[in-house]
Amino acid sequence: MRRRRAGLPARRGHLRDDVTGWLFAAPVVVILGVFLLLPILMAMWVSLTSWNGQGSPFKGGVPFVGLDNYSRLFTRDDLARQDFMTSIRNNVYYVAIVVPLQTVLALGLALVVNSRLLKGRSFFRSAFFFPSVTSSVAVSVVFLFIFGNSGALAQLLGFFGVKGPEWFSDSRGVLHLLLGVDTPPAALADHGVFGLSWWEWLSGPSVAMCAIIALVVWTTSGTFMLMFLAALQDIPVTLEEAAMLDGAGRRQRFRYVTLPMLRPTMFLVLTLGLIGTWQVFDQIYVMSQGAPAKTTLTPAFLSYRTAFRDFDYGAGTAISFVLFLIIVLLTLFQRRVMRERRG
Amino acid sequence: MKLHPLAALAATALAATACGSGFEEPEAAPQSSGPASLRVLIASSGDPETAAVKDAAAAWAGSSGNQVTVTPAQDIHQQLGQAFAGGNPPDVFYVDASRFADYASVGALEPYADKISDPDDFYPSLRTTFTRDGKFYCAPKDFSTLALIVNEGLWKKAGLGEADVPKTWDELTAVAGRLKAEGITPLALGDTRDRIGAFMVQAGGWITSPDGKRATGDSPENLKALEYVRSLLKDKLAAYPKQLSASWPGEAFGKGKAAMTIEGNWIKGALKADYPDIRYKAYELPQGAEQGTLSFTNCWGIAAKSPSKTAAVAFVEAMTKAEQQMTFAKEFGVMPSRQSAKDAYTKEFPADTAFVNGAAYAQGPVNAPKMDSVLADLDAGLQQLTAQDPKALLARLQKNTQSALGE
């Protein structure tokens with residue numbers, strides 16, 4: 001369409017080209033429309049109602065509540081807001097730890113596996129990648145045993161005479177633990193924002209959440225290692241040799257040649273990591289369901305619980321859309337930051 | 001990560017429109033005539049229960065000329081939630097008492113229970129549990145209550161006898177003190193409303209009013225109960241399982257880490273399987289201002305949308321007969337919900353008398369919709385009971401309950 005300029009007569013057959021093009025694209029357009037766009041629009045409608053899950057949400061008689069489900073998450077002083085903000089807090093800590101950790105680990109593994117000095121490279125490559133192809137539910141169950149009260153980790157720590165925490169029943173925040181404060185200072189406990197006191201906001205991830213963080217970093221870094229590895233193998237050897245000729249040491253070559261060449265992959269890994277971590281659901285569902293004391297509650301799980309347990313489908317979908325918005329905004333922000341650094 | 005709730009919700013919305021009979025559905029489900037084909041979804045406790053229910057269903061199908069398919073659920077709450085949203089729920093299904101109000105309040109359940117023969121034979125406390133807005137919705141399947149489980153070995157070791165088993169809070173404190181002096185942890189107590197709630201009932205309080213319409217959490221009775229439990233915990237007369245490195249009180253009790261625990265009749269099976277050597281006895285819970293315990297139960301729910309309600313009611317009728325319930329009791333260890341089966345049951349299982357007696361004064365789970373997150377919040381508070389002010393905890397419960405009930 002764009003090719004058709006004003007003043008020039010359209011070529012014969014051009015219209016037919018357009019129609020043919022659309023015809024060829026039609027199956028995909030229909031599939032995407034029916035299975036992606038339509039459900040999203042339907043969910044958006046549900047988020048504007050207080051549909052209780054009985055019958056169709058599109059018939060008359062389903063109460064329309066406007067933006068109430070959304071404003072409730074931010075303005076009304078009740079449990080819904082408190083749960084939502086708790087889940088946001090938990091997920092912020094989760095993202096802030098998992099994303100950098102898995103990126104660094106993945107890059108490190110990729111460098112190791114890519115090194116020409118390493119023997120049995122293909123073995124290590126598969127070994128590091130293995131957790132990523134295993135079902136996350138199976139991995140979660142195995143980690144439940146490892147972190148259990150008399151599980152492998154507790155036994156191992158016990159061997160060294162260390163008494164580890166009861167991982168999945170310990171709701172204390174690690175920041176509180178590290179600082180060794182049990183009773184909150186009044187300045188933090190009495191003030192806050194969005195229904196949580198500053199003391200609660202600043203708790204850090206709970207011990208239970210740390211176990212989940214360890215699991216996720218372990219499972220996902222394999223996938224990202226593969227991406228880094230592909231990018232590393234794309235870097236021309238000549239570049240590295242040229243840098244060597246210029247007298248660049250190993251560290252300098254990594255800093256000024258390898259890392260800049262990896263920037264697009266870095267962006268990809270960070271973006272995928274960010275999206276994946278904000279949507280964390282299956283590990284939470286299998287391992288903790290939000291317990292202990294809501295410290296592993298995440299927006300994705302809260303959305304599910306609100307919809308399918310409390311039959312409050314409107315509020316549940318509203319949480320999903322807020323989560324979607326958070327992810328989009330953060331990705332845009334991240335793109336901007338990375339572009340600025342390039343310029 | 002792979003199962004995004006947004007997608008799940010969207011899919012549900014799609015299913016709701018695509019699979020339903022159009023956007024404008026008739027309110028009352030059309031009833032089919034002739035032999036019915038019933039779909040039954042059960043939240044089975046294990047293979048024995050699944051097999052027993054399948055056998056009973058097959059026997060009924062054979063004698064009545066209908067067809068029945070019994071399916072054990074993976075996660076019955078989720079499966080039912082999605083089935084209701086899709087407009088094609090199973091005809092008959094287990095409804096957990098703690099979820100009953102959610103289902104009933106959205107009109108998913110058929111209030112049929114008064115059509116079952118001799119409905120007054122069900123224990124009154126179980127009838128109350130499944131009654132909403134004056135309608136007795138569904139027939140109780142069976143039930144469990146909490147009792148005081150005493151480890152006989154540790155009891156003797158501390159020089160205590162049968163007469164020392166506590167019958168009141170004061171006696172409980174006293175005997176716990178004697179056990180503690182012997183270096184034995186007296187009581188392993190679960191850290192949720194499903195155990196500590198029993199103390200609230202004994203003090204004369206509860207979280208909601210009997211009809212489930214008003215919040216009654218912030219009452220002097222409940223405060224008394226929480227303060228009592230808090231004093232037990234603070235004086236190390238009771239401990240949460242976490243403190244005893246156990247995942248639930250039964251584990252701590254089975255390992256001999258505590259002389260008493262407060263659990264339901266399911267502890268029998270658990271102890272038999274994991275700690276067969278332990279010798280124990282069950283007694284009725286000590287009373288505070290009154291006798292009190294908690295009951296846990298399921299009912300046979302019938303979907304309001306089922307096309308074969310008559311057959312479904314006949315099926316439930318057969319499943320809740322006293323003799324049938326006794327068969328279930330023998331197969332997988334549940335207590336019959338009919339009072340007429342009480343004598344047969346206590347004769348068969350004399351050690352369970354304390355559990356069965358609890359039915360007379362038991363309080364069922366909170367009977368109000370949208371309380372799941374409120375009660376989860378209460379549990380989070382109870383887990384930190386020693387570090388918290390019980391008054392603030394109850395005030396928070398009151399506020400959240402009021403907002404959930406729309407007071």
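**View 1. Polar contacts between the two domains of chain B in the predicted model.** Across the interface of domain 1 and domain 2 of chain B there are 11 residue pairs in polar contact, both residues at pLDDT 80 or more. On the side of domain 1 that touches domain 2, at least two residues each come from α4 (97-105), α5 (124-129), β4 (131-132), α15 (353-358) and β13 (362-363) of chain B. The largest share of that side, five residues, belongs to α4(B). By class, the side consists of 11 nonpolar, eight polar and five charged residues.

**View 2. Extent of the domain interface in chain B.** Contact involves 24 residues of domain 1 and 25 residues of domain 2. About 1,900 Å² is buried between the two domains, 51% of it on carbon and sulfur atoms. In domain 1, the residues that lose the most area to domain 2 are F355(B), Y361(B) and Q363(B), together 39% of what that side buries.

**View 3. Salt bridge between D352(B) and K268(B).** The side chains of these two residues meet at 2.7 Å, N to O. Three salt bridges are found across the interface of domain 1 and domain 2 of chain B.

**View 4. Interface of chain A and chain B.** In this contact, 54 residues of chain A meet 47 residues of chain B. The chains bury about 4,200 Å² between them, with 58% on carbon and sulfur atoms. Three salt bridges cross the interface; K294(A) forms a salt bridge with D377(B), with the closest N and O atoms 2.6 Å apart.

Key:
Residues numbered from 1 in each chain as written. Chains lettered and ligands numbered in written order. Predicted model: local features only at pLDDT ≥ 70, side-chain atom pairs only at ≥ 80, totals over all residues. Heavy atoms only, no water. Contact = heavy atoms within 4.5 Å. Buried area = accessible area lost by both parts, 1.4 Å probe. Salt bridge = Lys/Arg side-chain N within 4 Å of Asp/Glu carboxyl O. Polar contact = N/O pair within 3.5 Å; in protein donor to acceptor, adjacent residues only side chain to side chain. Helix = DSSP H or I, 4+ residues; strand = E, 2+ residues; numbered from the N terminus. Nonpolar A, V, L, I, M, F, W, Y, C, P; charged D, E, K, R; others polar.
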